[in-house]
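Hi,

Here is the structure I promised to pass on.

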Amino acid sequence: MSLVTVQDLSIGFRGPNLLDAVNFQIETQQRIGLLGRNGAGKTTLMKMLSGRQQPDSGSIQIHQGVHLAMLRQEVPRDIESKNFDVVKAGLAKNPELDLEDWEAEHEVEKILQRMGLDPEGRFERLSSGMKRRVLLAQALVSKPDLLLLDEPTNHLDIDSIAWLEDFLLKMRSSFLFVTHDRMFLQRLSNRILEIDRGRLFDWSCDYQTFLQRKQDALAAEEKQNALFDKKLAEEEVWIRKGIKARRTRNEGRVRALKEMRAERSERRSKVGTSNLQIQEGQRSGNLIVEATDVSFEYGDHKVFENFTTTIMREDKIGIIGHNGAGKTTLLKTLLGQLEPTSGEIKVGTNLQIAYFDQLRQQLDEEETVQQNVGGESDSVVVNGVKKHVLGYLQDFLFAPERARTQVKFLSGGEKNRILLAKLFAQPANVIVLDEPTNDLDSETLELLEERLVQFTGTVLMVSHDRAFLNNVVTSTIVFEPEGLREYVGGYDDWQHQLAARSAIMETKKPSAKLAKTGKKKRKADDKPKKLSFKEQQELDKLPGSIETLEASIETLTQTMADPGFYQGAKDEIASVQQQMSKLNEDLKAAYARWEELEAQVS
């Protein structure tokens, strides 16, 4: 069943149309990932579907009885109310529900509970991430037939993202979403729509299949364009020949040449890739930060306590935690910007710190892109070379006319690119990134990953982007219920180590019960079970096997802790990670078997 039909939709602002006579339909039970470069028109399309923006031409038909709800990218600043009331307002947006008061309250309470939100909490006092969760609950409570999600994972913590993935997978509604989170996109999408140079391409496949097909399509396009350009060049040579050729030329061929010229002039070239270059500052000392039994409190609230760590040059560290856990506070404490409540912080020498702020407070929205990056000067110095600021901004995909645009008129992804341009215009040996991936397109994300891996300085970053963490960091600091804990590797490595630790703890519980049960039985008949010869041999060998496994895990841990490890080939990295996972599983099984045999003879 068709929910929405779009025909010959066009819209443009300055320059070429963002969307040029596009057509598509949205059916029931479709999970559609909407892709495109920053500024391609993804948010504009969603605004038109939701009725907040009118197209220049074309039509959008929302079929009878279909209810749409949208989670916008920006967070409203004018809402002052309890979370319960904010979410309840979503019910009024779907007149088809027609709920009794008690039913409405039950629906609101149910979604608030599932989202982990306090009904009595004040919306205006929440962090940006928590506000997004409330607004998402507002959209979901209206039970939409089609849910529009514009960067739904922005400012959400990893647990919330995992919950949202599971929730959306269980939904029977269709949804169209824009996201920079590649793991989110890979897990959810069963159809891909892509906006590219004003056209909309329907790939009708999952994300992984899309990546391969897109690569093949681009290669074919380049080949086709090259053949066309060669033919055009040959025709241009022919038309410029002497008098004899002009007397005998074919008028049909001349008309064909004019058509080829027109076609070439209308071709919109593929958007290039950002040329991100990190300016490396002077070499810092080996020690960046040494924290010993550090604690930090806000009044009676303990953010973290008794945390000890050492950060060395070339370390790339990710910080993971739920919203409000204190990730930014930890960063500022480690860098000496906040005084710890207790403990000692030793900061290294000759540090040149570049700080990426997730709230973009370093940007002046009223100024142009050029003014934000260059200030009063019309040039910047990049790696010792003086460069005009407009030329520098072109490396970040800002054409001169776009560079003269006020920041407030740009998309979220473009604002993040400006912040990166401003950040990398200054030399640094320590880069601090607080949620750097929000709104960036996949091409820019992949290039940023590559540059950070190549960077010979130190990287500290807070991120909920699991793929980004996997590809960049060498270790992670995680806010867990028991406190801060440090792990080797990225997000997947943390999950594997966490699962192995949990599994070992679980095996101990039944072992204890088994031992207890065994003692009760032995009290009854006073005859402890005797192990067979084979079982006794197995028990004698287990301590040595466990010691060998632990030594192997320690060796691999040291290998993965080397900053250069994650700069190697992806196949080699994956192989080592699989070895680590296998060793942890074997160790868990060995401990379980040892405890089982010991319980029988003790």
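In helix α10, the buried residues are K327, T329, L330, L331, T333 and L334 (buried means under 20% relative accessible area, exposed over 50%, partly exposed in between, with a 1.4 Å probe and protein chains only). That makes six of the eight residues in α10 (327-334), so to speak a mostly covered helix. Just after α10, G336 has a positive phi of about 80 degrees.

Before you go on: this is a predicted model, with local features needing pLDDT of at least 70 and side-chain atom pairs counted only at pLDDT 80 or more, while totals for chains, interfaces and linings use all residues. Numbering starts from 1 along each chain as its sequence is written, and side-chain values use heavy atoms, without hydrogens and water.

Now the sheet. Three strands make an open, antiparallel sheet in the order β2-β1-β4; helices (H or I, at least four residues) and strands (E, at least two) are DSSP runs numbered from the N terminus, and two strands pair if DSSP finds at least two bridges between them. The edges are β2 (19-27) and β4 (57-62), each pairing on one side only. From one strand to the next the twist averages 10 degrees. β1 (residues 2-11) joins β2 over six bridges, and I11 sits opposite L19 in β2.

Cheers

Methods:
Axes are lines fitted to C-alpha atoms, for helices over the stretch in contact, and angles run from 0 to 180 degrees between N-to-C directions.
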